[in-house]
Amino acid sequence: MLHAIRYYVNPKMALSFIEDELEQLKRASLYRRLRLIEGEQGPVVMLDGQEVLNFCSNNYLGLANHPALREAAKKAIDRYGCGSGASRLISGNMTLHEELERKIAELKGTEAALVFNSGFQANTGILATLVGEGDVIFSDALNHASIIDGCRLSRAKIVVYGHCDLDQLDRGLRDSPGKNRKLIVTESLFSMDGDEAPLAEIVELAEKYGAVVMVDEAHATGVFEPNGAGLVAKLGIGDRVLVQMGTLGKALGGFGAYVAGSHSLRDMLINRCRSFIFTTSLPPAVMAMAIAALDLVTKEPERRQALRNNCELLQAGLKSLGYTLGNSRSQILPLMIGDAAQCMKLSDDLLRHGVFAQGIRPPTVPPGTSRLRVTLMATHRPEHIEEALRVFKEIAQEPKIEDGR
Ligand SMILES: Cc1ncc(COP(=O)(O)O)c(C=O)c1O
């Protein structure tokens, strides 16, 4: 027999901590809200009903709305339908998954590749598969949240070394003797600072101490010469970086992620990686877009050249206005502000003048390092950049920004 449940406390009270936490975020200038883009992604977008110049997209090569990707997606839907229906190991492994993996391996010059549903899933899953309790991970202090969560999920000991600090990494490796596995994980082009990891030196250290190197090429895939394969390939150290991860949703304009490496790495992940095994595989249209994007990346180096030209133009202009840009020489320009409230104020001021550049605050970046993360696309035209610089200058002349310049 069912008994009536008697509530002693209003059940809604149990969630009252949410209101408290949101209030705290607002007071600390750390509250976030979603902004709405209507229409396509591009250098000019409709944002919350206002036409603005877009300087905060990872669509670095402008492929997110390229006709070849649209066409490939449409054809894939016509031929293979919409959904994959299951995870790869059940019945969701389709022709296009394997075709894409062959293409990625070819681009990266590796034996094999494996596609993941997102970069976040790739990083968490790969790290938790390759190391475990009793092992040690050495992780750059500015690594992406997905790497940090992967480290935690693995239950290995985590040694965080200072950003690109080779001495600290060396000491950490030296102080971790033993037969346990050691893995060094770093981004190649850092997502929030736009600077490059010293990969050649990291590989040297790894070899000295018998560690595996895993590199996240999320922001490098598609943008580095010679063929868009990433920074590892540019440095010619592909045979020494055994785990190369990257994403399909940034320069490649679509969605998803990959890991490139040996046949046995692929096999191991297929057998053990929980974020690969226990999820429905990406649909055919997404695979087809990525295949089309890879073709463009290799056949149209002029896109990378256009991106580089745009970077040089904006960097030079911002520097001449007195902004501090950190060590970036890439398409990611961090305009260092420091204080979260001032950073968001600058972002809002720019937006009022039609320039969309997102403020980045803790916890995405360490406290006291809030910045505007300004990113470029190959499809920005010189007049877009000139207009942005005009606005930066105009705002700089308004007597409100006290810091960061
Ligand atoms: C360095 C880095 N790794 C991984 C990811 C996650 O990739 P995805 O967006 O495909 O989940 C991102 C995305 O923001 C990133 O910046």
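Where is the place of Pro363? Pro363 is in the loop between β13 (359-360) and β14 (370-375). The structure is a predicted model, and the peptide bond that leads from Pro362 to Pro363 in this model is cis, with omega near 5 degrees. Another cis peptide bond joins Glu225 and Pro226, where omega is about 10 degrees. Pro226 has its place in the loop between β8 (212-216) and α9 (231-234). As background to these features, most peptide bonds are trans, and most residues other than glycine have a negative phi.

Ser29, a residue other than glycine, has a positive phi near 55 degrees. Ser29 lies in the loop between α1 (16-27) and β1 (37-38), and it counts as partly exposed because its relative accessibility is 24%. Cys164 likewise has a positive phi, near 55 degrees. The loop that holds Cys164 runs between β6 (157-161) and α7 (166-174), and a relative accessible area of 23% makes Cys164 partly exposed.

In α7, the buried residues are Leu169, Asp170, Gly172 and Leu173. They cover an arc of only 165 degrees around the axis, and therefore lie on the same side of α7. Among the elements that cover the buried residues of α7 are β5 (136-140), β6, β7 (182-187) and α8 (199-209).

How many aromatic pairs does a search of the whole structure find? The search finds two. A pair of aromatic rings is described by the distance of the centres and the angle of the planes. Phe116 and Phe276 form an edge-to-face pair, with 5.9 Å centre to centre and 65 degrees between the planes. This pair links distant parts of the chain, since Phe116 is in strand β4 and Phe276 is in helix α11, 160 residues apart. Both Phe116 and Phe276 are buried.

The other pair consists of Tyr323 and Phe392: the ring centres are 5.5 Å apart and the planes stand at 75 degrees, so this pair is edge-to-face. Tyr323 is buried, as is Phe392.

Helix α13 also contains Leu314. Is this residue buried or exposed? Leu314 counts as buried because its relative accessibility is 1%. Leaving aside residues up to four places away in sequence, Leu314 touches Phe55, Leu333, Val374, Leu376, Ile385 and Leu389. Between Leu314 and Lys12, by contrast, the C-alpha to C-alpha distance is 51 Å, and the two residues are 302 residues apart in sequence.

The final topic is the packing of one helix against another. Two packed helices are described by the angle between their axes and the distance between the axes. Helix α2 (residues 67-80) packs with helix α12 (residues 284-299) at an angle of about 145 degrees, and their axes are 8 Å apart. The crossing of α2 and α12 is right-handed. On the α2 side, the residues in contact are Ala68, Leu69, Ala72, Ala73, Ala76, Ile77 and Tyr80. On the α12 side, they are Pro284, Ala285, Ala288, Met289, Ala292, Ala293 and Leu296. By class, the contact of α2 with α12 has 14 nonpolar residues, with no polar and no charged residues.

Definitions and conventions. Residues numbered from 1 in each chain as written. Predicted model: local features only at pLDDT ≥ 70, side-chain atom pairs only at ≥ 80, totals over all residues. Heavy atoms only, no water. Axes fitted to C-alpha atoms, helices over the stretch in contact; angles between N-to-C directions. Helix = DSSP H or I, 4+ residues; strand = E, 2+ residues; numbered from the N terminus. Left-handed = near helix turned anticlockwise from the far one by under 90°. Contact = heavy atoms within 4.5 Å. Nonpolar A, V, L, I, M, F, W, Y, C, P; charged D, E, K, R; others polar. Phe/Tyr/Trp six-rings, centres within 6.5 Å; stacked < 30°, edge-to-face > 60°. Buried < 20%, exposed > 50% of the residue type's maximum accessible area, 1.4 Å probe, protein only. Arc of directions from axis to C-beta.
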